[in-house]
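Here is a short report on one protein structure. Look at the model first, then read on.

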Amino acid sequence: RRLSGTDYQSQAQLLGYFDRFLVEQYLREPRINRKVVERYLENLSHLAPRTRYNRFCVVKQLCQYLARNDPLGYVPDPLRSISSRGAHQPYIYSNSEIQAIMAAASQLPLENSLRPHTYRTLLGLLYSTGIRIGEASALNLEHFHSQEQMLYIAEGKFRKARWVPLSDTTCQALQQYMRKRLQMTPRSPDSPFFINQRSCRLHHCIINQTFRQLLRQCGIHHSKNTGPRIHDLRHTFAVLRLLAWYRDGADVNVRLPWLATYMGHVDVHSTQVYLRATPELIEQVDQRFHNHYLHQVKPQGGIK
């Protein structure tokens, strides 16, 4: 799988946390057993449920591998699925909220600097394409192909690269930003596309901090545990794309793999996590079912 391009850097990092735990706890058991795993889970109790789950899964995979050659090897039972209360609930931004956030980004200080243009363009790109914030901040000047109206994601999740087609309006917005950006240094093709006041690549921590500031300015309540988050722009993109297909009368089941590929997912199941029922979406689903019933189901004895 490594030869096919699969990268295991994240799994290696998660295993590193487990190795560090074993060293710090001075555990001398000859093999991984129930006691070790339970103590490790207790050690992770301060982390978010999803983070705990990911770290546990890697340890379980290690146990399964070791058990192949060790009859006494211990393989922990699967954890219960993460409850909806423990996981972040996606927040779908309304059109008015997006407009307010974009307007507030345009007014960011310093007034005559590149900063307001950077954040307005960055947030607009996240909203219109659904790419991850890490993918956007990692963009270089060479990754924007204006003639082809394409964006090249060199390092997506799990180091997977992909091409992202752009709409006319998104491409125009990136072209406008590019003209302002090229007035600043550095300008080499491998220079960062989005830069800060020191002409360095934007850091995701500063982006998140600025985004929370914009939410406060727009009167959108934010909580550390419940959001809304900048990542919810990706959820919003997925829901709006699905809503548009319903309104166009498209076969959503056929097009879901398209959305999965566009968003950089390995399968449709990963994309379904981003799809959240909104009143507008439920209305379209209900209308489609109603039309299907009227045209496809043959009544018995006539219609009352």
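Ala, Val, Leu, Ile, Met, Phe, Trp, Tyr, Cys and Pro count as nonpolar, Asp, Glu, Lys and Arg as charged, and the others, Gly among them, as polar. This is a predicted model: local features need pLDDT of at least 70, side-chain atom pairs count only at pLDDT 80 or more, and totals for chains, interfaces and linings use all residues. Residues are numbered from 1 along each chain as its sequence is written, and side-chain values use heavy atoms, without hydrogens and water.

**The pocket**

A pocket is an open set of points on a 1 Å grid over the protein atoms alone, where a 1.4 Å probe fits, with protein on both sides within 12 Å along at least five of seven lines; lining residues have an atom within 4 Å of a point. The second largest pocket has a volume of about 510 Å³. The volume is the space filled by probe spheres set on the points, which are joined across faces, edges and corners. The lining has 21 residues, and M102, R120, T121, A173 and Q176 lie nearest the centre. By class, nine are nonpolar, nine polar and three charged.

Helices (H or I, at least four residues) and strands (E, at least two) are DSSP runs, numbered from the N terminus.

| Element | Residues |
|---|---|
| α4 | 95-106 |
| α5 | 115-129 |
| α7 | 168-181 |

α5 gives the most, with eight residues.

**Helix α4**

Buried means under 20% relative accessible area, exposed over 50%, and partly exposed in between (1.4 Å probe, protein chains only). In α4, the buried residues are E97, I98, I101, M102, A104 and A105. They cover an arc of only 160° around the axis, so they sit on the same side of α4. The arc is that of the directions from the helix axis to the C-beta atoms. N95, S96 and Q99 are exposed on the other side of α4.

**The sheet**

Two strands pair if DSSP finds at least two bridges between them. Three strands form an open antiparallel sheet, in the order β1-β2-β3. β1 (144-145) and β3 (162-165) stand at the edges with a single partner strand each, so one side of each has no neighbour in the sheet. β2 (residues 150-153) and β3 pair over four bridges. L151 has V164 in β3 as its bridge partner, and Y152 stands opposite W163 in β3.
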